[in-house]
Amino acid sequence: SKAPIRVAVTGAAGQIGYALLFRIASGAMFGPDQPVILQLIEAPFEKPLAALAGVAMELDDCAFPLLKGIVQTSDPAVGFKDANWCLLVGAKPRGPGMERADLLKDNGKIFIEQGKIIDAVAADDARIAVVGNPANTNCMIAASQAKRLPAERFTAMVRLDQNRAQTQLAQKAGVDLTEVKDIFIYGNHSPTMFPSFAHATIAGKPAKEVINDNAWLEGPFCETVGKRGAAIIAARGSSSAASAANALVDHVRSLVTPGAIHSIAVKSNGLYGFDANVWAGMPVRTTTAGSYEVITGYEMDDFAKSKIAATNKELTDERSFVADML
Ligand code: NAI
């Protein structure tokens, strides 16, 4: 049987953690024949660590055949030790009256520390996926600390936005959602991100032709996807957690599946009009397990260009807020 892979998860006792760990342990993320060891990292306070102990008890009580060990720690040097995957879910939430710049800086400190420690102690083949917000900029900050691990190993999650967009297109067209392909998310994981409907297909035909309502695509469609997080908070009283955890399962599953075509946020290197040094959502194709190439060559019309310029501006603004930390 295969050797277990080590999966470090920060924020493991949070609400996404609670929806995520059981799916990793059941085989949904790495496949039904891949054993895992969970290395769970929480903030160094009594409450989250007590909650983490409870989550670990529940994981034990599931008797998952693939789960070969659980580490519980508040020490990132222990939690990231030899990790093959580092899933950075924990982050400091925006408090009442808190400025965006302060949020960026507070999270910046966390992701500088984690980036340094991952680079020092994680496995040679380590891959890092960032969910904690502001995810793209946190990912950029963590990557900026790495000397051993190349920048391409650090990705941020825009898959929840992709999944939301896929469902919206399918519901509008009245088709099964598996008919919707090549819907990609460009830019920041925030309301400015751009779901590029012009390249999507529905049952093999251009989505624009099938939907035949450009005003809906440019207006309500983009808005619904962009503001879905806020709609869920308004309806549920807390932010999306199960769908975010599911999106991370998809993000990693696609990244370990050669040939998979999906959106992740990566170092832009200037592609699609993004600043070279920001982490922006774009379409990728998984080459070998854990590696990918950006799919280039999609033509952008004026509408797409203006949306990309707006989300790029937000990313470069975020970058300038934390420039002194990089
Ligand atoms: P939560 O507040 O329920 O859980 C976060 C957990 O992280 C807490 O248990 C906290 O103690 C822990 N934590 C904080 N700092 C830490 C540190 N330095 N090291 C280890 N653990 C730490 O939040 P939730 O709902 O689980 O969301 C987590 C993050 O994911 C948030 O930043 C949220 O905005 C983000 N998110 C991102 C999405 C995306 O699509 N990229 C979608 C949904 C949420």
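Tutor: Let us begin with a term. A residue is called buried under 20% relative accessible area, exposed over 50%, and partly exposed in between. Please also bear in mind that this is a predicted model.

Student: Why is Tyr 18 called partly exposed?

Tutor: The relative accessible area of Tyr 18 is 42%.

Student: Where is Tyr 18 placed, and which residues is Tyr 18 in contact with, leaving aside its neighbours within four places in sequence?

Tutor: Tyr 18 belongs to helix α1, which covers residues 15–26. With neighbours within four places in sequence left aside, its contacts are Ala 12, Val 55 and Glu 58. From Tyr 18 to Ala 242 the C-alpha distance is 8.4 Å, although 224 residues separate them in sequence.

Student: Which residues of α1 are buried, and what covers them?

Tutor: The buried residues are Ile 16, Gly 17, Leu 20, Leu 21, Phe 22, Ile 24 and Ala 25. Their cover includes the strands β1 (5–10), β2 (36–41), β3 (67–73) and β4 (85–88), together with the helices α2 (46–62) and α10 (242–255). As a general point, an α-helix has 3.6 residues a turn, so residues three or four places apart point the same way.

Student: What follows α1?

Tutor: Gly 27 follows α1, and its phi is positive, near 105°.

Student: Which residues have a positive phi although they are not glycine?

Tutor: Two residues may be named here. Asp 182 has a positive phi of about 55° without being a glycine, and Ala 203 likewise has a positive phi, of about 50°. Most residues other than glycine have a negative phi, and most peptide bonds are trans. Asp 182 is in the loop between β7 (180–181) and β8 (185–186), while Ala 203 is in the loop between β10 (201–202) and β11 (205–206).

Student: Why are Asp 182 and Ala 203 called partly exposed?

Tutor: Asp 182 has a relative accessible area of 29%, and Ala 203 has 45%. Buried requires a value under 20% and exposed a value over 50%, so both residues are partly exposed.

Student: What kind of peptide bond joins Asn 133 to Pro 134, cis or trans?

Tutor: The bond from Asn 133 to Pro 134 is cis, and its omega is near -10°. Pro 134 itself is in the loop between β5 (127–130) and α5 (135–144).

Student: What makes Gln 162 a buried residue?

Tutor: Its relative accessible area is 7%. Buried means under 20%, so Gln 162 is buried. Gln 162 lies in helix α6 (residues 159–173) and, apart from its neighbours within four places in sequence, is in contact with Ile 183, Ile 185, His 262 and Ser 263.

Student: How do you know that Phe 221 is buried?

Tutor: Phe 221 has a relative accessible area of 0%, and the cut-off for buried is under 20%; therefore Phe 221 is buried. Phe 221 is part of helix α8, residues 214–226. Beyond its neighbours within four places in sequence, Phe 221 is in contact with Ala 165, Gln 168, Leu 169, Ile 183, Pro 195, Phe 197 and Trp 216.

Student: How is the chain divided into domains?

Tutor: Domain 1 spans 5–156 and domain 2 spans 159–325. Their centres, taken over C-alpha atoms, are separated by 23 Å. Across the two, 36 residues of domain 1 are in contact with 39 residues of domain 2.

Student: How do you know that the chain agrees with a compact globule?

Tutor: For 326 residues, a compact globule would have a radius of gyration near 20 Å, and the chain has 19 Å, so the two agree. The C-alpha atoms fill a box of roughly 50 × 45 × 40 Å along the principal axes.

Student: What else describes the chain as a whole?

Tutor: The chain has eleven helices and 14 strands, and buried residues make up 51% of its 326 residues. Of the contacts with a separation of 6 or more, 72% are between residues 24 or more positions apart. The accessible surface is about 13,800 Å², with 53% belonging to carbon and sulfur atoms. There are 32 positive and 34 negative side chains, and the centres of these two sets lie 1 Å apart.

Conventions
Residues are numbered from 1 along each chain as its sequence is written. This is a predicted model: local features need pLDDT of at least 70, side-chain atom pairs count only at pLDDT 80 or more; totals for chains, interfaces and linings use all residues. Side-chain values use heavy atoms; hydrogens and water are left out. Helices (H or I, at least four residues) and strands (E, at least two) are DSSP runs, numbered from the N terminus. The radius of gyration is taken over C-alpha atoms; the globule rule is 2.2 Å times the number of residues to the power 0.38. Buried means under 20% relative accessible area, exposed over 50%, partly exposed in between (1.4 Å probe, protein chains only). Contact means heavy atoms within 4.5 Å. Accessible areas come from the Shrake-Rupley method with a 1.4 Å probe; for residues, only the protein chains shown count as cover. Lys and Arg count as positive and Asp and Glu as negative; His and the chain ends are not counted. The place of a charge is taken as NZ of Lys, CZ of Arg, CG of Asp or CD of Glu. Domain bounds come from an automatic or database domain assignment.
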